[in-house]
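Here is a quick tour of one model, written for someone who likes geometry with the cut-offs spelled out. Have the viewer open and follow along.

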Amino acid sequence: MNLQTQIEKEQIALPESFFGNIQKYKTHLFKWNKIHNLTGVKNEAMLDDFIFDALYPVSFLPKVATLLDIGTGAGFPGMILAFALPQTQVTLVEPLAKRASFLQFIKADLGLQNVTVVKKRVEEMPPQTFDLITSRAVTDTKMLLELSKNLCNEKTKFLFYKGERVFDEIADTQGMQYKIIERYNRHYLLLGEDI
C-alpha cells in the first residue's frame, strides 16, 4: 500500500502542501544519504513506512502551538510532523552536524516558516516551555522526561515513539497520566494531563 493510500485509509487530515513537501524531502534524503549516511533507510517503501510511522499520531494528537522534537535525526518524527502541522511551531533538536545541516537545508528549500533547527544536545537548550515534546529512538522514557525537565510545565504533553518494551517503562512516567496507542509493532506513548 503506498503512502497516500495508507494516509487516506486512516483518514488523517493534512494540509494541501503535505504531499509536495514529502516528495521533495524524499528526493533530498536519498541524495544526501548517499554521501552522509543520515539514516538506515534503503528504499522508498522503507522510507514511506518511516514517514507514516512519524505521521500516524496526527490522527489522535491534540492541537498544539509549539512542539519540540528531541534527536530528530534525518527528520523522524519532527520534520514529518512539521509538514503535517503548519500551524504548529516545531523545534528540531539534533546534535549531529550533518543531520542538523540536512534539516536546515530542508527548512530553507521548502520555505518552512514553522521550523527551527537547533544543533545541540537537548540538555543544552535554554529553559522554555513547549506544548508537546516528541522523541523517537533516542533513549528510555525516564531519561527523556529528565532531559525535558527545563522545557515543559504541568500542561506539556509528551509523545514517545516506542517498541514493545514500553510496558517496562510505564513505572518511570512519574505518576503522569498515560495512554499507549498500538499500531503493529509501534507503541505510541502519550503522557500528560487530560489525555
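Which residues do ring pairs link into a cluster?

## The aromatic cluster

Ring pairs join Tyr25, Trp32, Phe50, Phe76, Phe83, Phe102 and Phe105 into a cluster. A pair here means rings of Phe, Tyr or Trp (its six-membered ring) with centres within 6.5 Å; planes under 30 degrees apart are stacked, over 60 edge-to-face, and the rest tilted. By this rule the count comes to 13 aromatic pairs. One of them is Trp32 with Phe102, an edge-to-face pair at 5.3 Å centre to centre with 65° between the planes. Trp32 sits in helix H2 and Phe102 in helix H5 (residues 97-109), so this pair ties together parts that are 70 residues apart in sequence. Both Trp32 and Phe102 are buried, where buried means under 20% relative accessible area, exposed over 50%, and partly exposed in between (1.4 Å probe, protein chains only).

Then there is Phe52 with Tyr56: the ring centres are 6.0 Å apart and the planes are at 45°, so that pair is tilted. Phe52 has 1% relative accessibility and so counts as buried. Tyr56, at 14%, counts as buried too.

## Ground rules

This is a predicted model, in which local features need pLDDT of at least 70 and side-chain atom pairs count only at pLDDT 80 or more, while totals for chains, interfaces and linings use all residues. Residues are numbered from 1 along each chain as its sequence is written, and side-chain values use heavy atoms, with hydrogens and water left out.

Helices (H or I, at least four residues) and strands (E, at least two) are DSSP runs, numbered from the N terminus.

Start with helix H1 (residues 3-10) and helix H3 (residues 44-55): their axes come within 10 Å and cross at roughly 25°. Axes are lines fitted to C-alpha atoms, for helices over the stretch in contact, and angles run from 0 to 180 degrees between N-to-C directions. H1 and H3 are therefore roughly parallel, since angles under 35 degrees get that label, over 145 is roughly antiparallel, 65 to 115 roughly perpendicular, and the rest oblique. On the H1 side, Leu3, Gln6, Ile7 and Glu10 meet Asp48, Ile51, Phe52 and Leu55 of H3, with contact meaning heavy atoms within 4.5 Å.

Helix H2 (residues 18-36) packs on H3 at an angle of about 130°, the axes being 12 Å apart. That makes H2 and H3 oblique to each other. The contact uses Phe18, Ile22, Gln23, Lys26, Leu29 and Phe30 from H2, and Glu44, Leu47, Asp48, Ile51 and Leu55 from H3.

Most residues other than glycine have a negative phi, and most peptide bonds are trans. A few spots here are worth a click.

The peptide bond from Phe76 to Pro77 is cis, with omega near 0°. Pro77 is in the loop between strand E1 (66-70) and helix H4 (78-84). Ala137, not a glycine, has a positive phi of about 60°; it lies in the loop between strand E4 (132-136) and helix H6 (141-147). With 69% relative accessibility, Ala137 counts as exposed. Tyr184 also has a positive phi, near 55°, and its loop runs between strand E6 (178-183) and strand E7 (186-191). Tyr184 is exposed, with a relative accessible area of 66%.
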